[in-house]
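Hi,

Here is the structure I promised to pass on.

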Amino acid sequence: QIQLMESGGGSVQAGGSLRVSCKASGFTRSRNCLAWFRQAPGKRREGVASIYTGGGGSTYYSNSVKGRFTVSEDNAENTVYLQMNSLKPEDTAMYYCAADSVRIDCYSGSWPVEDYYDHWGQGTQVTVSS
């Protein structure tokens, strides 16, 4: 059974940095598409970044975080990270890790579509104050 567990959220001032982690377990394939989504109060959940794990895989970012956030993995630890720099108050949200256990890659056109992800973590809160 696939399980995803996020950690590393917290509070930071605008301009600061945070790194959130997603520890994954239970995959039957060595390569999978994992993504970070976020949801702010009163807003719909949005895709932030994705990575095709297993080394050298594709990464994608939303326009709102491109150049500030970096998604990466530690394959040996089965962990995906989201390094968030130059944080803004509008980055405040619950951040979720999600896994697509069906398709064989993350795709540029569809990675932010949450319907493709069949496993989700419980989320970790990120709060950025001005």
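Which residues does R38 touch, not counting residues up to four places away in sequence? The answer is R44, R45, E46, V48, S64, V65, F69, E90, D91, A93, M94 and Y95, where a contact means heavy atoms within 4.5 Å.

Before going on, a word on the source: this is a predicted model, in which local features need pLDDT of at least 70 and side-chain atom pairs count only at pLDDT 80 or more, while totals for chains, interfaces and linings use all residues. Residues are numbered from 1 along each chain as its sequence is written, and side-chain values use heavy atoms, with hydrogens and water left out.

Back to R38. You'll find R38 in strand β4, residues 33-39 (strands are DSSP runs of E, at least two residues, numbered from the N terminus). R38 counts as buried because its relative accessibility is 6% (buried means under 20% relative accessible area, exposed over 50%, partly exposed in between, with a 1.4 Å probe and protein chains only).

R103 is buried, because its relative accessible area is 16%, and S110 counts as buried at 12%. The side chains of R103 and S110 are joined by a polar contact of 2.8 Å, and the R103 side chain also makes one with the side chain of D100, at 2.8 Å. Leaving aside neighbours within four places in sequence, R103 touches R29, S110 and Y116, while S110 is in contact with R103 and Y116. S110 and G47 are 63 residues apart along the chain, and their C-alpha atoms are separated by 10.0 Å.

Now the sheet. Four strands form an open sheet in the order β1-β3-β8-β7, with antiparallel pairing (two strands pair if DSSP finds at least two bridges between them). β1 and β7 (69-74) stand at the edges with a single partner strand each, so one side of each has no neighbour in the sheet. From one strand to the next the twist averages 20 degrees (axes are lines fitted to C-alpha atoms, and angles run from 0 to 180 degrees between N-to-C directions). 5 bridges join β1 to the antiparallel β3 (residues 18-25), and S7 stands opposite S21 in β3. Strand β1 (residues 3-7) has L4 and E6 on its covered face, with Q3, M5 and S7 on the uncovered one.

Last, the largest pocket. Its volume is about 160 Å³, taken as the space filled by probe spheres set on grid points joined across faces, edges and corners. A pocket is an open set of points on a 1 Å grid over the protein atoms alone, where a 1.4 Å probe fits, with protein on both sides within 12 Å along at least five of seven lines; lining residues have an atom within 4 Å of a point. There are 14 lining residues, and F27, S30, T53, N75 and N78 lie nearest the centre. β3, β7 and β8 (79-84) each supply at least two residues of the lining.

Cheers

Note on methods:
Polar contact = N/O pair within 3.5 Å; in protein donor to acceptor, adjacent residues only side chain to side chain.
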